Amino acid sequence: MSDDVGGVQIDLRNLTKRYPGQAKPAVDDVTMTIQAGEIVVFVGPSGSGKTTTMKLINRLIEPTSGEILINGEDARKKKADELRRHIGYVIQAGGLFPHMTVADNIAIVPRILKWDRKRIAERVEELLTMVGLEPEIYTTRYPRQLSGGQQQRVGVARALAADPPVLLMDEPFGAVDPITRAKLQDELLALQDELSKTIVFVTHDFDEAVKLGDRIAVLAEGSRIVQYAEPAEILANPADDFVRGFIGENGAMKLLNVTRVADIDLDQALTVAPEADAAEVHRELADRDEHWAVVLDRGAGRPVRWVNREELADASGPVEDFGGPVDVTISGRSTLQEALEALLRSDAELVPVVVKRRYRGLVTLNTVQQAIASLREKAKRR
Ligand SMILES: Nc1ncnc2c1ncn2[C@@H]1O[C@H](COP(=O)(O)OP(=O)(O)OP(=O)(O)O)[C@@H](O)[C@H]1O
Ligand SMILES: [Mg+2]
């Protein structure tokens with residue numbers, strides 16, 4: 001395990017769970033690897049076996065056959081309660097104990113681990129702050145005195161209490177409004193930046209899966225893995241109509257949202273210095289059969305002006321006396337969706353990309369279209 005990865009790898013091998021009296025297994029011969037420090041999102045219809053798979057991982061239920069390896073070790077060789085202390089579990093629909101205060105709910109595992117009272121109190125305070133609930137207000141409240149979203153935060157705090165390397169989160173943000181939900185998602189991503197847990201996260205919301213997942217597993221009945229890949233790959237090349245159904249109507253828009261400008265082929269235009277001769281720039285544009293040149297400032301390499309071929313006809317003097325200022329730029333970290341937004345906002349048909357203050361190339365509508373086509377092509381070849 002490297003220093004900056006707090007999580008451990010989980011391997012499911014030919015995992016099967018058959019509930020007594022059920023014709024079909026709830027989990028049917030599932031094999032997958034969940035890499036250390038990743039968020040893997042399970043997406044699948046109701047009854048497909050997502051909760052069952054989670055409960056197999058922390059041994060709340062035992063498999064009919066197959067193996068679970070956690071950090072390379074057979075989970076069945078550990079005591080179930082010992083195992084569960086290393087796996088935080090956020091239960092579908094909250095699952096706080098109603099007769100216990102917020103603090104007592106969070107302290108369940110630390111108490112089992114026999115931490116002293118001071119350490120427990122400090123940890124509770126730290127966790128409440130982490131999930132955005134003021135300790136002075138919330139420690140002594142009971143779950144019924146909290147909103148749904150607040151209860152879910154406490155659920156997340158409880159799962160994190162003993163700093164487990166693995167977190168299982170079963171629709172943890174299901175019961176909250178879209179705004180609170182987006183906030184909880186952002187908080188989880190910020191926490192994950194810091195903690196690098198191995199997280200298995202269940203949702204019915206594909207947008208949530210795209211936002212949170214390092215990888216998404218699209219599951220069908222029996223937890224059968226229909227596709228298991230990075231969000232961009234699933235969006236670019238859904239395995240079949242079942243996966244397409246989960247993505248919904250605007251897969252291409254979603255792909256724009258998960259692709260960064262730094263990762264695509266940019267367009268290039270003629271770049272010139274401010275003092276370059278306008279007539280010469282005009283000739284060069286004509287030779288290249290191009291319409292736009294970008295003027296970079298002296299030294300720094302920042303794009304400062306656009307000039308177009310038409311207005312340089314019969315021009316003389318320095319090129320910086322012509323054209324117009326660059327009004328909008330984007331960074332390599334911008335998503336293609338942000339690039340599109342910038343294009344629509346700008347007066348120009350091109351938006352320069354600036355990385356570390358230097359000009360790197362251009363995005364046009366055509367660049368975006370080409371990038372999507374090439375992502376699809378690449379995903380298909382994989
Ligand atoms: N204790 C049980 N006894 C018998 N069958 C069960 C039991 N728990 C779940 N099942 C069945 O196993 C299948 C998988 O259930 P599971 O709860 O894992 O689905 P899920 O994917 O989590 O669904 P949801 O999205 O609705 O939460 C379902 O057909 C369900 O009816
Ligand atoms: Mg479930």
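In the predicted model, a salt bridge (a side-chain nitrogen of Lys or Arg within 4 Å of a carboxyl oxygen of Asp or Glu) joins the side chains of Asp205 and Arg181, with an N to O distance of 3.7 Å. This pair links distant parts of the chain, 24 residues apart: Asp205 is in the loop between strand 8 (198-203) and helix 9 (206-212), and Arg181 is in helix 8 (residues 178-195). Helices (H or I, at least four residues) and strands (E, at least two) are DSSP runs, numbered from the N terminus. Arg181 counts as buried, at 16% relative accessibility, whereas Asp205 counts as partly exposed, at 25%. Here buried means under 20% relative accessible area, exposed means over 50%, and partly exposed lies in between, with a 1.4 Å probe and protein chains only.

Because the model is predicted, local features need pLDDT of at least 70 and side-chain atom pairs count only at pLDDT 80 or more, while totals for chains, interfaces and linings use all residues. Residues are numbered from 1 along each chain as its sequence is written, chains are lettered from A and ligands numbered from 1 in the order in which they are written, and side-chain values use heavy atoms, with hydrogens and water left out.

A search of the whole structure gives 24 salt bridges. One of the pairs is formed by Glu122 and Lys118, whose side chains meet at 3.2 Å, N to O. Glu122 and Lys118 are separated by about one helical turn, because they are four residues apart in helix 5 (residues 117-130). Lys118 is exposed, with a relative accessible area of 60%, and Glu122 is partly exposed at 45% relative accessibility.

Another salt bridge connects Glu73 with Lys78, where the closest N and O atoms are 3.7 Å apart. Glu73 has a relative accessible area of 43% and is partly exposed; Lys78 is also partly exposed, at 29%. A network of salt bridges links Asp74, Arg76 and Lys77.

Turning to the strands, an open sheet of three strands shows the order 15-16-17 with mixed pairing. Strand 15 (330-331) and strand 17 (358-363) are the edge strands, each pairing on one side only. Two strands are taken to pair if DSSP finds at least two bridges between them. Strand 15 pairs with strand 16 (residues 351-355) in the parallel sense, over two bridges. Within strand 16, Val353 is the bridge partner of Ile330. In general, strands of a sheet pair through backbone hydrogen bonds, either parallel or antiparallel.
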